Amino acid sequence: GKRAFIAGVADDNGYGWAIAKSLAAAGAEILVGTWVPALNIFESSLIRGKFDESCILPDGSLMEITKVYPLDAVYDCPKDVPEDEVVESVKKDFGGIDILVHSLANGPEEVAGSVKKDFGSIDILVHSLANGPEVSKPLLETSRNGYLAALSASSYSFVSLLKHFAPIMNPGGASISLTYIASERIIPGYGGGMSSAKAALESDTQVLAFEVGRKHKIRVNTISAGPLRSRAAKAIGF
Ligand code: NAD
């Protein structure tokens, strides 16, 4: 069977979860990468059986997630993580308890290394993550930092994931990301540089398909997804 790594699963509402289910239904083994601030809640919900109903596959069996990896796709490796920033984001979600900050702050380089150590290789890489801290601001009101943060989390994160995972992907494998129509048409409300980030993701998909296709025999595609009331979409009032 195939083995898939899906980056950007932290609950059962988003595209990442749905893609994981489809891949599991097709017989793939499922590994996921979960954003560090959401990791504790996701893992405890999984253990407590909160997602059991959402795990039911069309044939009645249950999706099994073989392993959950802590991932922060805005950092390439732990040494990039500014201490105060991580503590701040952990505090926000765990009510002041800043636990295991550094060992949890794993960028794609470290995560790909762990996956290689645990499983040897993968066949499918899914990028289902995005973040734009100023997404609710019109582009004209967006700060330089907000714009760059949107590109870092939503566009470069794919370059970085592919760069570090391609060497452990079996030839003939496939990678995919999720984009949005706001890259080419005006969607008011999709601000903060998120429209720019999706335009970059789409352009990068073509360049990476050329480069990674030649170097590793791996396909690179992006799907322009329709609106879904995921956690990310609700947060911006979509
Ligand atoms: P979602 O909230 O389920 O998924 C986004 C995930 O990204 C979350 O799990 C979040 O924890 C994770 N994340 C954010 N920053 C991260 C980081 N730095 N490192 C690692 N993970 C990080 O929402 P979704 O809407 O399913 O989003 C998945 C993808 O689909 C995104 O690329 C989004 O832009 C795209 N998309 C969504 C819609 C929609 O309407 N929901 C439409 C088109 C495209």
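The largest nonpolar core in this predicted model is built from 24 residues. Phe5, Val115, Ile122, Leu125 and Phe165 have the most contacts inside this core. If you like to think in terms of secondary structure, the elements that each give two or more residues to the core are strands E1 (3–7), E3 (65–71) and E4 (122–127), together with helices H5 (108–119), H6 (144–165) and H7 (194–216). Helix H6 gives the most, with four residues. Apart from this core lies another one, of 20 residues, with Ile6, Val9, Leu23 and Val68 among them. In soluble globular proteins, nonpolar side chains tend to be buried together.

Leaving aside residues up to four places away in sequence, Ile122 touches Arg3, Phe5, Leu31, Val115, Phe165, Ile168, Met169 and Asn170. Two of the names in that list, Phe5 and Phe165, also belong to the residues with the most contacts inside the largest core.

From here you can follow the strands. E4 and E5 (residues 169–179) run parallel and are joined by five bridges. The chain gets from E5 to E6 by way of helix H7, in a β-α-β crossover that is right-handed.

Note on methods: Residues numbered from 1 in each chain as written. Predicted model: local features only at pLDDT ≥ 70, side-chain atom pairs only at ≥ 80, totals over all residues. Heavy atoms only, no water. Core = buried A, V, L, I, M, F, W, Y, C linked by side-chain atoms within 4.5 Å. Buried < 20%, exposed > 50% of the residue type's maximum accessible area, 1.4 Å probe, protein only. Contact = heavy atoms within 4.5 Å. Pairing = 2+ DSSP bridges. Right-handed = clockwise from strand over helix to strand, strands pointing away.
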